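Have the sequence and the structure open as you read.

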Amino acid sequence: MTFKSKLPTVGTTIFSQMSQLAAQHQAINLSQGFPDFAPDSLLLQYLSDYSQQGLNQYAPMPGIAPLREQIAALVQRCYGRAVCAEQQVTVTSGATEALFVAISAVVAPGDEVIVFDPAYDSYAPAIQLNGGTAVHIALNAPDYRINWQQVADAITARTKLIVVNSPHNPTGMVFNLDDWQQLQQLVLQHNLYCISDEVYEHMVFDAALQLSANNFAELAQRSFIISSFGKTFHVTGWKLGYCVAPGALTAEFRKIHQYVTFSSFTPAQYAIAGMLQHQSQQVSGLAAFYQHKRDQFASLLQGSRLQLLPCQGTYFQLADYSAISELDDVAFCRWLTTEHKVAAIPLSVFYNQPPQCRIIRFCFAKQSDTLRAAAEVLCQM
């Protein structure tokens, strides 16, 4: 019997590959996007307490009510938008599940979905699995801004959805007011849906406005807005995210969510709800926390031959290594890991059709000692 793959071109993600390679060679892992420091001790205490209290069975399918209420309060606090915790907020097993479910809720065979490269690697496979076609629009170094006229020109009668990501992984680009307004105009003009991937929403640097699809009422009425507690509270392994969407879209979202994971990690939901209620400064202080790490990493690399690209948000730093090597970025990252014991991610893997460039991505969500050790190696190259 011959098996026909639904994703014939997809293998193990580059993130898993590079983390495995880093482990094999005992390299400093600045590749995969996870912190190497502990989360807040109070959060861990909450987790232990709620687990000890017996809250270890299935949570309600949309998420526990206290967490959904705290999410609604967070959206109100950050963006001034009132959302219904009961009908418009769904807790998911990470933002990646939320992305898959949102794409599945609206994409049908023959639909086209606009995505912007370099793009998070889960978008295109989810579109493909639902019979859609990803229409890739490439963003160019060094600023990776969107040309909205190019987007307008790419819209056809088959276009159903636009997927945006701000702050943007892997480039660190952040949408400004004009970007959001242009997006809203196109969504309304062409009767489209939007998925706004905002998992790094609280990491916007240099006193720039923290804007969201939540800020734009007409856009929000046609959007799935997705975020991640794993990023916000330094617990990526807990796999807790959420989706905010209008009632009608949430109803479709939940139809699929209930058959993908049904419900998510129960004691962690209570723990996060406790943090949002009693330690809201953990969220409001996140931008300053990661801006300090960005600036520290940049300062440590001043003596290197790497050229750092602008980073307006997220916890990722792009770097051009053209002055160091003529290897392509995949080969360079493998060489960097195996020979110099520092792991990074090649930028080309985020593109459908990679441009000619020598750019890699570092994660600076690391302890200061980790960043110093990595920078010492990189400055000697």
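## A walk through the model

Thr250 sits in helix H11 (residues 247-260); helices (H or I, at least four residues) and strands (E, at least two) are DSSP runs, numbered from the N terminus. This is a predicted model, where local features need pLDDT of at least 70, side-chain atom pairs count only at pLDDT 80 or more, and totals for chains, interfaces and linings use all residues. Residues are numbered from 1 along each chain as its sequence is written, and side-chain values use heavy atoms, with hydrogens and water left out.

Back to Thr250: its relative accessible area is 2%, so it counts as buried (under 20%; exposed is over 50%, partly exposed in between, with a 1.4 Å probe and protein chains only). Leaving aside residues up to four places away in sequence, Thr250 touches Gln87, Gln88, Thr90 and Ala245, contact being heavy atoms within 4.5 Å. Tyr58 is 192 residues from Thr250 along the chain, and their C-alpha atoms are 20 Å apart.

Beyond residues up to four places away in sequence, the contacts of Phe116 include Ile137, Trp148 and His168.

Which side of H15 do its buried residues take? In H15 (residues 329-340), Asp329, Phe332, Cys333, Leu336 and Thr337 are buried. They span an arc of only 130° around the axis, so they share the same side of H15; that arc is taken over the directions from the helix axis to the C-beta atoms. An α-helix has 3.6 residues a turn, so residues three or four places apart point the same way. Among the partners of the buried H15 residues are helix H1 (14-24) and helix H16 (368-379).

| Peptide bond | Omega |
|---|---|
| Asp117 to Pro118 | near 5° |
| Ser166 to Pro167 | near -10° |

Pro118 is in the loop between strand E3 (112-117) and helix H6 (123-129), and Pro167 is in the loop between strand E5 (159-165) and helix H8 (177-189). Asn191, not a glycine, has a positive phi near 55°. Asn191 is exposed, because its relative accessible area is 54%.
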